[in-house]
Structures are given as structure tokens and as C-alpha cells.
Amino acid sequence: MLMKAARIYGKKDIRLEDIPIADPKENQVQIKVKYCGICGSDLHAYLEAWGLPTEPHPLTERTLPIVLGHEFSGEVVKVGSGVTTLKKGDAVAVEPLIACGKCDNCRRGDYNFCNRVFAPDGAGNFLGFSDDGGFAQYANVKEIFAHKMPAGMSYELGALAEPTAVVFEAIKRSGLREGQNVAVLGAGPIGLLTALLSKIAGADNVYIIDVSKSRLDKARELGIKKTLNPLKVDVVEEVRKNCPNGVDVTFEAAGVQATFDSGLKLTRRNGTFQIVALFGRPVTIDLTNDLIMNGIRIVTTLAYNNSFTSVLGMLKNHQELFEKIITKKISLDNVVQAGIKTLAVDKEQVKILVSPEM
């Protein structure tokens, strides 16, 4: 049997093809993909060939072409002979990490830092980068990474579990506590989710900062009232009107030098500067005066671990709110033109979902 899939061959080269449907391995389930979100990293993969395996990956042994897409949900249609926790018909959200399960970090539970997935060519440790992902009619996923969704949850929300888990992990690592003040730099999908989860976690003042009016409008639609445009106001001055010492936690979700510099100025002495975004270029910092003399802790994060159960519960309890993150749904046939290319230029889009069933 054949299935339709969007495979990436390299820079600006995605092809919609009919490819064989492989049977799931002993420890895998096969899911019929319902929705797969387009992520900023998919955009970088298309525009720059970022994160793609140009030589056999150390764990999957895969190289290009690869089925793109890592934010997906679907229905279990087949189970491997060793699968015991899932059955045909189950609705699942996919945790798309690639990990060996045997190295020191994996055994510690830090499988997002698996010691065996480091690839010399920089290939990512995700389905959709170093093994086939969710821009296809079917996908095979390890049982341990296919999480059963709560009853009544839509597949659309299931596809939001992955980016929400990225943010959930960042909030965990930041140590954010109820009643603290927060600033979020960048109001793209990750920034909006960061502000939203900060509010759910009990933060008091939550500021979100961006130069895009449409993205700040979306933030207000999500209930984030303290929106600031640095082209119109001095954001540090505005934040310090309510938080004279600065915020307790700043989340950097833009990934450029200008927002990095602003974030340091927004963070109170002995506060936390949590990096969520990936940076395309190196940043410069005055380590002594900006960090050491102010006691600011810079914390980084990569993906997530042991978070999907909590994230799915959060999505279930705030369904109407999270549904506002989804701004467009398209067919698999239109993944490049109406999806990836649109996301690159249309700032009104937050999360575009691709459905192989449309």
C-alpha cells in the first residue's frame, strides 16, 4: 500500500509523493495522522536545510529524504507485537523525540539530552528531522512516545501538545512560582503559549513584547492584557511602572540580540532569564556587569521530558483558550504554499495545522 507524504530533500525542496506504508515495529504503533502543526523549525528546515540529516543519523541511520512534521496527533490503526498500553482506535498525541533509552541521560529521565543522538551534521533528535514525521497519512511511532489523549479532546488540540510541552518545560526549568511577575519577549506561537501558561501557572503581571500589532492583538484575545510594542514605548520603563525592580522571570522567545539585551534589562537583580528560543547567530554579553553583578541566572531548555501527561491535562482543562492558538487548517497538498511559505510572511498566523484528511 502507498500513502501520500510531504518529504524534504534539502533546502527549499519539499515533494509531495506516494510512498510505501511500512508496518510498525514490535515496539511501535501506526497512527492515522489527523493533524500536524507547522513549527518555526520546519520553516528553517525548508529555507536553510537546518537540522536535516545529510549523513546517516547515529540512532535512526536515516538520511534525506525525510517526511517532515513533528507536532502531530492521530488514531492508532495498528500495533506492534510487543505493544501493551495502546490499542487500535486510541487517540494519541505524539512526543516526537528520538532517544536510545539506554545511555546515562536517558536512564536519568533526561532523554531529551540523549547522549547517542548527537549528529556531526547537526541533524535534530526529532521525528520529522531524523526519522519520518507527521506530514503524511500514516506514521509509525514508538509506543512510549504515543500518549493517549483525554476522552473528548480534539485531534487539533492533540497537535498542540508538542509546542505546549516546549513551553511547559521552560516554565519548569525557570522555577516560576505563583504570584511572580513575568516578561515574554516575542509573541510568536511559542511566546504566546509562554504567556498563556505563565498565567495558568499563577503569575501576577505578565507582559508580552513584540513589534507586530497582529500578534499583540492575538495576545489580548488570549487574555494577556499587558502588551508592549518596543517601537512605540520604552518597554523597560513601562514594565518598571508596576514592577520597579524588574520582573522575576523573563522568557526570551524571539532569539535575536536586541531582545536578549532587553530581557537582561527587564529582569530584576537575582532574577531568572529563561531562554526558550533558538538563536540563529551568536550573541554578545557583558558577563561581569550584566550577569554577575546583578545575580541574574540564565537558564536554557531543549525540548521536554516527562511532560506530555501534564500538558494534555492542561489542554483538556483550557480547551477553548488553546483553540484560539490555531489560526488556519490546510490540506497536506497545500503544506508548502499555504502553510510553510505563508507562515514565513503572514504575522497574523499563529499555528497552522495540516490535515492529510482534507
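**Close-up 1. Lys12 sits out in the open in this predicted model.** Its relative accessible area is 53%, and the cut-off for exposed is over 50%, so Lys12 counts as exposed. You'll find Lys12 in the loop that links β1 (2-10) to β2 (13-20). Check its backbone too: phi of Lys12 is near 55°, a positive value in a residue other than glycine.

**Close-up 2. Ala303 also has a positive phi, near 60°, and isn't a glycine.** Look for Ala303 in the loop between β14 (297-299) and α10 (308-317). Buried or exposed? With 10% relative accessibility, Ala303 is buried.

**Close-up 3. Here's a cis peptide bond, between Leu64 and Pro65.** Omega for this bond is about 5°. Pro65 belongs to the loop running between α1 (40-48) and β4 (66-67).

**Close-up 4. Helices α4 and α5 cross at roughly 55°.** The axes of α4 (residues 161-174) and α5 (residues 189-200) come within 9 Å. That makes the pair oblique to each other, and the crossing is right-handed. On the α4 side, the contact includes Val166, Phe168 and Ile171, while the α5 side includes Ile190, Leu193 and Leu197. Sort the contact residues and you get 8 nonpolar, 3 polar and no charged.

**Close-up 5. Cys36 has no disulfide partner.** How many disulfides does the model have? The count is 0. For Cys36, the nearest cysteine sulfur belongs to Cys39 and is 9.7 Å away, whereas a disulfide needs two sulfurs within 2.5 Å. Cys36 is buried, at 0% relative accessibility. Cys243 is buried as well, with a relative accessible area of 3%.

Technical notes
Residues are numbered from 1 along each chain as its sequence is written. This is a predicted model: local features need pLDDT of at least 70, side-chain atom pairs count only at pLDDT 80 or more; totals for chains, interfaces and linings use all residues. Side-chain values use heavy atoms; hydrogens and water are left out. Buried means under 20% relative accessible area, exposed over 50%, partly exposed in between (1.4 Å probe, protein chains only). Axes are lines fitted to C-alpha atoms, for helices over the stretch in contact, and angles run from 0 to 180 degrees between N-to-C directions. Helices (H or I, at least four residues) and strands (E, at least two) are DSSP runs, numbered from the N terminus. Angles under 35 degrees count as roughly parallel, over 145 as roughly antiparallel, 65 to 115 as roughly perpendicular and the rest as oblique. A crossing is left-handed if the near helix is turned anticlockwise from the far one by less than a right angle, and right-handed if clockwise. Contact means heavy atoms within 4.5 Å. Ala, Val, Leu, Ile, Met, Phe, Trp, Tyr, Cys and Pro count as nonpolar, Asp, Glu, Lys and Arg as charged, and the others, Gly among them, as polar.
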